[in-house]
Structure formats: C-alpha cells, structure tokens
Amino acid sequence: MPVPEIDIDEFARRREQGAPVIDVREPDEYQEAHVPGATLIPLASVPDRLGDVPAAGDVLVICKTGARSLRAAEFLTAKGISATNVAGGTMAWIDSGRPIAEGDEPG
C-alpha cells in the first residue's frame, strides 16, 4: 500500500508542530543516536505494539535511511493509521546538523 514520504526538512517542520515520531530501528541503533522525542518501536515489534502508536493524526516513521520505516508505514497504513515515511531517515537528520538524543529515553 503506497504511503506518503517526506524529506528531512518537512519532517523537521511537522515534528516541531507536534507530530509524533516513531523510530523503528533496533535498540542499540536508537541508543547511539536518535531524533529527540522519537519513540522506539523496533520494526519487528510494530504489529504487537499497535496500541503504542497514536491512532489520531499523522505519525512520522523514521529508521536509519528510510527502508525499514517505509515497511512500517505501509503496515500502519494498512491498519488504518495515517503514517508518513521519512526519506533519508536518521542519517539525513544527523547530516543536516540537527540535534540528536542518546540513550534509552526519547530525549
């Protein structure tokens, strides 16, 4: 199922406006560096953690470069959740010079 995809600048704008961010990478990747405020739900856990994904409004889904988040966004969309993939992922966020958080907490 096709899902919308946005670049890192649009992602930053929507995030600043309060859109929820789901990071679908593995815990060690998330701990190393993640977008501040992103909630970790590893890709393999997404089906079991649907209740942790906001059902109202658009959810921004991010991974390292955009491949895993695309799969997660497709799954969420099929479940009736409005999900948008972040092209370039966390690497694009870091490359743009924006701040990162580290550790287990969303930051």
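Colleague: With which side chain does the side chain of Arg25 make a polar contact?
Modeller: The side chain of Asp23 is the partner, at 2.9 Å. A pair of N or O atoms has to lie within 3.5 Å to be listed as a polar contact. Bear in mind that this is a predicted model.

Colleague: What lies 2.6 Å from a polar atom of the side chain of Arg25?
Modeller: That is the backbone oxygen of Ala33.

Colleague: Is Arg25 buried or exposed?
Modeller: The cut-off for buried is under 20% relative accessible area. Arg25 has a relative accessible area of 4%, so Arg25 is buried.

Colleague: Which residues is Arg25 in contact with, leaving aside its neighbours within four places in sequence?
Modeller: Among them are Tyr30, Ala33, His34, Leu40 and Pro42. Further along the chain, the list also includes Cys63, Lys64, Arg68 and Thr90.

Colleague: Now the sheet. In what order do the five strands stand?
Modeller: Read the order across the sheet, which is E1-E5-E4-E2-E3. The sheet is open and its pairing is parallel.

Colleague: Why is one side of E1 and of strand E3 (39-40) left without a neighbour in the sheet?
Modeller: Both stand at the edges, and each has a single partner strand, so one side of each has no neighbour in the sheet.

Colleague: How many bridges join each pair of strands, starting with E1 and E5?
Modeller: Strand E1 (residues 5-6) pairs with E5 over two bridges, in the parallel sense. Within that pairing, Val86 in E5 is the bridge partner of Ile6. Strand E4 (residues 59-62) and E5 are paired over three bridges, again in the parallel sense. E2 and E4 run parallel and are joined by three bridges. E2 and E3 have two bridges, in the parallel sense.

Colleague: Which way do the residues of E4 point?
Modeller: Val59 and Val61 point one way from E4, Leu60 and Ile62 point the other way, and all are buried. For strand E5 (residues 83-86), Ala83 and Asn85 point one way and Thr84 and Val86 the other way; all of these are buried.

Colleague: Through which helix does the chain cross from E4 to E5?
Modeller: With E4 and E5 paired in the parallel sense over three bridges, follow the chain through helix H3 (residues 67-78) to E5; this β-α-β crossover is right-handed.

Colleague: Ala72 has its place in helix H3. Is Ala72 buried or exposed?
Modeller: Its relative accessible area is 1%, so Ala72 is buried. Leaving aside neighbours within four places in sequence, Ala72 is in contact with Val24, Leu43, Val46 and Val61. Ala72 and Ile62 are 10 residues apart in sequence, and their C-alpha atoms are 9.0 Å apart.

Colleague: How many aromatic pairs does the structure hold?
Modeller: The structure holds one. The rings are those of Phe11 and Trp93, with centres 5.5 Å apart and planes at 80 degrees, so the pair is edge-to-face. Phe11 is in helix H1 (residues 8-16) and Trp93 in helix H4 (residues 89-95), so the pair ties together parts 82 residues apart in sequence. Both Phe11 and Trp93 are buried.

Colleague: What lies over the face of Trp93?
Modeller: Arg98 does, at 5.5 Å from the ring centre.

Colleague: Asp95 is also found in helix H4. Is Asp95 buried or exposed?
Modeller: The cut-off for exposed is over 50%. Asp95 has 63% relative accessibility, so Asp95 counts as exposed. Asp95 and Ile8 are 87 residues apart along the chain, and their C-alpha atoms are separated by 9.9 Å.

Conventions: Residues numbered from 1 in each chain as written. Predicted model: local features only at pLDDT ≥ 70, side-chain atom pairs only at ≥ 80, totals over all residues. Heavy atoms only, no water. Buried < 20%, exposed > 50% of the residue type's maximum accessible area, 1.4 Å probe, protein only. Polar contact = N/O pair within 3.5 Å; in protein donor to acceptor, adjacent residues only side chain to side chain. Contact = heavy atoms within 4.5 Å. Phe/Tyr/Trp six-rings, centres within 6.5 Å; stacked < 30°, edge-to-face > 60°. Helix = DSSP H or I, 4+ residues; strand = E, 2+ residues; numbered from the N terminus. Lys NZ or Arg CZ within 6 Å of the ring centre and 35° of its normal. Pairing = 2+ DSSP bridges. Right-handed = clockwise from strand over helix to strand, strands pointing away.
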